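Please brief me on this model. Keep it short and group the points by topic.

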Amino acid sequence: MKKILLFFCLATAVLSSCTKNSVEQELERRVRNMGGASAQLGTVEYTISKIIKVDHDVFYKIGERKILFSSLSTMKAGVDLSKFCADSVVIDKKKNEITINLPHPQILSFNMPAENIKMEYSKTSALRSEFSVAERNEVLTQGEKAIVNAAEELGIFKDAEENVRTLFEAMLSSANYEKININFN
Amino acid sequence: MENKNIQEQENQEVQSVDTPQEVQDTQATQETQPTPANQEAQQATDPKEEQKAELAKKAGEAGLAALKGAGKVGAAAAKGLGKATVATAKVAGKAGVSAVSSGLVSAILPIALKVLLFTAIAGALGGAVAAVAKFVKEANKLEIADTPNVVEEIKKISELTTYTYIEEMVVKDTKVEAKEAGMLSFLHKSEVPDSTRSEIVIITRGVVRAGYDLAKIKDGDLKISNDTLSVVLPATEIFDVIINPSDNDIFVNSDKWSHEEITALQVDCKNRLLQNAHDNGVLEKADKHGKEKVENLFKTFGFNVVNVIQKGN
């Protein structure tokens, strides 16, 4: 029994040392495959510009520092059809009526590309340290979140809902349905 | 051992004291109440000698009895004394223990109090320092100003995303910079200029979204005949290559990296992500999954037969 265990341990050690590259490849493969099949219907895209600025004045430090970025990002909204199934559709062939129940629109993607972010202004007093790389990224992250959180106020969901309705009505009217009901719930 | 000696002494004292009394008592009894047997013995021999012998015999018996009694008394006394001694020892022991413990308590108490006091002060100081640190951290926290989100453009789209490719990437870069001349640089002249090596590592998570642009379906691409639908889907395409600021973890050993340098690295990272997505067959996968999704979608709309024709990539 001990010999078997020893052999197993040795074999594992030898194999693991021999296949280090393949382990890394496997890890890389797994990381790359975090995504997968999806079914998201994007119906509206907003292009949003935002000034992201910080005036960092702290009471216990002499002097101040300021930074200002301009950014241009895109936000897409629509419906996630991954859970859409036969139960989501009710067809009344006698009345030639179809009712479709869809999920509420949501943000499908937000993109603030680095090339669309420009540092327009930065000022640091003599007694203060400049904004570090991590701090600059933190400022931009806050800007990104501020835009995403304001999605509802911007009215993107309302537009997405309207466009989904228009798209489905166009498709279904060509299928000779006289009455088309689109519900979001 | 001491107990034993004490017991013996007691016995001796009892013997020396009690025995004459017993004898006297017996003599007195014999003198006051002569018995008929004695009178006969007196008549048979020399009455005086016999009387003396008899008296001596009785005195001996009385002495023996007295000795026995004295022994019992002595033993009892010794037993009592022993018990008393043990009890006394116990009490003394307890007293000693309590004395020692009280001594220890009196010795430890001030130290314990001091330790307690020190701990309380240290705790209070620590708490105060932590509170100040937290306050300073809060005060030092970066907070962006509330600025408006300006909608520049609203575009109607019909993008059916059928595959999402996600990858975590590590980007490393190094740059070597000449050191700035210090105030005392004139003191040493070096042929090789001083330089600093600055490294940056960015761990980022990128997303690539691919699928069909349904807006590209032309009128002739969709044919309906009774319960049969035929649709020609456009070629799959990549809609977005996304790396946002929140997707980045940046590690640097110096903050000499400008915003432009970081941007260049991120653009490079994005290009690599796109290339990896292509190499991983993101468009083919989007096509494969997309066909199935579109078929199912149209079938739920009441079409029994759905023919999906893909233009391919």
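Predicted model: local features only at pLDDT ≥ 70, side-chain atom pairs only at ≥ 80, totals over all residues.

Residues are numbered from 1 along each chain as its sequence is written, chains are lettered from A and ligands numbered from 1 in the order in which they are written, and side-chain values use heavy atoms, leaving out hydrogens and water.

**Confidence in chain A**
- Chain A has a mean pLDDT of 83, where pLDDT is the predictor's confidence in each residue, from 0 to 100.
- In chain A, 81% of residues reach 70 or more.
- Residues 6–20 of chain A stay under 50. The model gives this stretch zero contacts beyond four places in sequence; contact means heavy atoms within 4.5 Å.

**Chain B overall**
- Chain B has five helices and seven strands. These are DSSP runs, numbered from the N terminus: helices are H or I with at least four residues, strands are E with at least two.
- Along the sequence the pattern reads α-α-α-β-β-β-β-β-β-α-α-β.
- Of the 313 residues of chain B, 27% count as buried. Buried means under 20% relative accessible area, exposed over 50%, and partly exposed in between, with a 1.4 Å probe and protein chains only.
- Of the contacts in chain B with a separation of 6 or more, 82% come from residues 24 or more positions apart.

**The sheet in chain B**
- Three strands form an open sheet in the order β3-β4-β7, with mixed pairing. Two strands pair if DSSP finds at least two bridges between them.
- β3 (222–225) and β7 (305–310) of chain B are the edge strands; each has a single partner, so one side of each lacks a neighbour in the sheet.
- Neighbouring strands of this sheet are turned by 10 degrees against each other on average, direction ignored. Axes are lines fitted to C-alpha atoms, for helices over the stretch in contact, and angles run from 0 to 180 degrees between N-to-C directions.
- β4 (residues 228–233) of chain B pairs with β7(B) in the parallel sense, over six bridges. B:Ser230 stands opposite B:Asn307 in β7(B).
- Helix α5 (residues 282–300) of chain B lies across β4 and β7 of chain B, at about 150 degrees to β7(B).

- Helix α5 (residues 156–173) of chain A has 18 residues. Its first and last C-alpha atoms are 26 Å apart, close to the 26 Å expected; the expected span is 1.5 Å times one less than the number of residues.
- Its buried residues include A:Phe157, A:Val164, A:Leu167 and A:Phe168. The buried residues of α5(A) fall within an arc of 160 degrees, so they line one face of the helix. The arc is that of the directions from the helix axis to the C-beta atoms.
- Among the buried residues of α4(B) are B:Ile262, B:Leu265, B:Cys269 and B:Leu273.

- B:Thr161 lies in strand β1 (residues 149–178) of chain B. Its relative accessibility is 1%, so B:Thr161 counts as buried.
- Beyond four places in sequence, B:Thr161 contacts residues including A:Ser38, A:Gln40, B:Arg209 and B:Phe239.
- A:Phe110 sits in strand β5 (residues 106–111) of chain A and is buried at 8% relative accessible area.
- Beyond four places in sequence, contacts of A:Phe110 include A:Met75, A:Ile147, B:Ile242 and B:Asn244.
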